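Open the model in your viewer and keep the selection panel at hand. Each stop below says what to select and what is there.

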Amino acid sequence: MNNTLLILPGDGIGPEVMAEVTRIIDWFGDKRGLKFDVTEDLVGGAAYDAHGKPLSDATMAKAQEVDAVLLGAVGGPKYDTLDFSLKPERGLLRLRKEMDLFANLRPAQCFDALADFSSLKRDVVSGLDIMIVRELTSGIYFGEPRGIVEEGGQRVGLNTQRYTEAEIDRVARSAFELARKRGNKVCSMEKANVMESGILWREVVQKVHDESYPDVELSHMYADAGGMQLCRWPKQFDVIVTDNLFGDLLSDVAAMLTGSLGMLPSASLGAPMENGRPKAMYEPVHGSAPDIAGQGKANPIACILSFAMALRYSFDQGAEATRLEKAVEQVLADGVRTADLMQSDGGSPVSTAQMGDAILAALDASL
Ligand code: NAD
Ligand code: IPM
Ligand code: MN
């Protein structure tokens, strides 16, 4: 079977971190005989600059055909004043929605070498390995009605939180399936105390559990308390399943348990395609980091680990994914650090490309 990839580097540090992923993809082709048929295209502000839209229909169509999309990051101050429908972020949201990528897997793993770097104490984070499953195609991000409307002589900003039973059911199944391959525990987070959508969320997750996954341990938590528990004792969790907005917030919180937002990968998965592979897009959790863009400072690890997730979930190459993850772990153990992984007073950081060099060298050493 051909392995097809669409690479969308995007904006800001997106192209900088993606350049390192491209070298790693080539390494797997040269050294492991894993050939990828790669196409590169534009998304976000870069696409707006070229076509006047954050995602062209042609790029959208290509994304629907490939085995996996790899996305860098979108957005930046240059585009802040654009009409809402033209903003870079709309390109990313269109990809997620039209590919129906409902399950966004955001693992947060603390590499031992970084345990002292987290803003939390070593004890709290060392050995941490949790998985946030964020619903990605519905909820308040997409609910109607929405907009800025006139009401009683003033403007009103309007968004709607909306979940159907089927939408909750399918993301809950993804979380339970994942839990069975990990620590066999799911914690579902919502605000059933104040939101009807939260009440339904809790009911449906419980029903899916009771009917199909009684062997998995299930708990429920209000999402605000969940944020607190993530900082207090994150190792109590294995898989967390939550809605689109809470998942966005809680995964950024989880980033700091690992040391840096520059460390967190993600996989956005949909239903299986005809060839049995899930529709999929892989992207770091971080954004385009305008404050450091163009300076060669960005940490490419989140994007590189996103490619490792692609190897595992789209290409059935679990052993090669582990090889890549181990190479990253080795480099961190050797003390190689981009600027985001250093205390302000310690040592001199490596550049984005030097981090790529070090990971490639560790991959060579793994042969
Ligand atoms: P951000 O994630 O871009 O940056 C937050 C902070 O983390 C910054 O200080 C940045 O320098 C740092 N950081 C992020 N990634 C890093 C990396 N790989 N290496 C080192 N440091 C890193 O979030 P923001 O500043 O709130 O948003 C900037 C833009 O990115 C906005 O337009 C936003 O909409 C967009 N965004 C896009 C995505 C995406 O494309 N998936 C995700 C989040 C934000
Ligand atoms: C993320 C980002 C996106 C989101 C934005 C850029 C649309 O913050 O992927 O975490 O809110 O989902
Ligand atoms: Mn986010």
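Select Arg134 in strand β5 (residues 129-135). Helices (H or I, at least four residues) and strands (E, at least two) are DSSP runs, numbered from the N terminus. This is a predicted model, in which local features need pLDDT of at least 70, side-chain atom pairs count only at pLDDT 80 or more, and totals for chains, interfaces and linings use all residues. Residues are numbered from 1 along each chain as its sequence is written, while chains are lettered from A and ligands numbered from 1 in the order in which they are written.

Arg134 counts as buried, with 26 C-beta neighbours inside 10 Å. (Buried is 20 or more other C-beta atoms within 10 Å of a residue's own, exposed 12 or fewer, partly exposed in between; C-beta atoms are placed from the backbone.) Beyond four places in sequence, the contacts of Arg134 include Asn104, Arg106, Asn244 and Asp248. Contact means C-beta atoms, placed from the backbone, within 7 Å.

Zoom to Asp224, in helix α8 (residues 223-232). With 14 C-beta neighbours inside 10 Å, Asp224 counts as partly exposed.

Now ligand 2. Which residues are around ligand 2? Select Gly75, Glu89, Leu92, Leu93, Asp248, Val285 and Gly287. The cut-off is a C-beta atom, placed from the backbone, within 6 Å. Helix α4 (residues 88-98) gives the most to this shell, with three residues.

Move to ligand 1, which 22 residues surround. The closest are Gly75, Gly262, His286, Gly287 and Asn299.

Colour by domain: domain 1 is 1-103 + 264-367 and domain 2 is 118-258. These bounds come from an automatic or database domain assignment. The C-alpha centres of the two domains lie 24 Å apart. Across the boundary, 10 residues of domain 1 are in contact with 13 of domain 2. On the domain 1 side, α4 gives the most, with three residues.

Last stop: strand β3 (residues 68-73). Six of its six residues are buried, so β3 is largely enclosed by the rest of the structure. Strand β1 (residues 4-10) runs parallel to β3, joined by five bridges. Pick Gly10 to find its bridge partner in β3, Ala73. Strand β12 (residues 278-282) also pairs with β3 in the parallel sense, over two bridges. Pairing needs at least two DSSP bridges. Here Val69 has Met281 as its bridge partner in β12.

Notes. Two residues are in contact if their C-beta atoms, placed from the backbone, lie within 7 Å.
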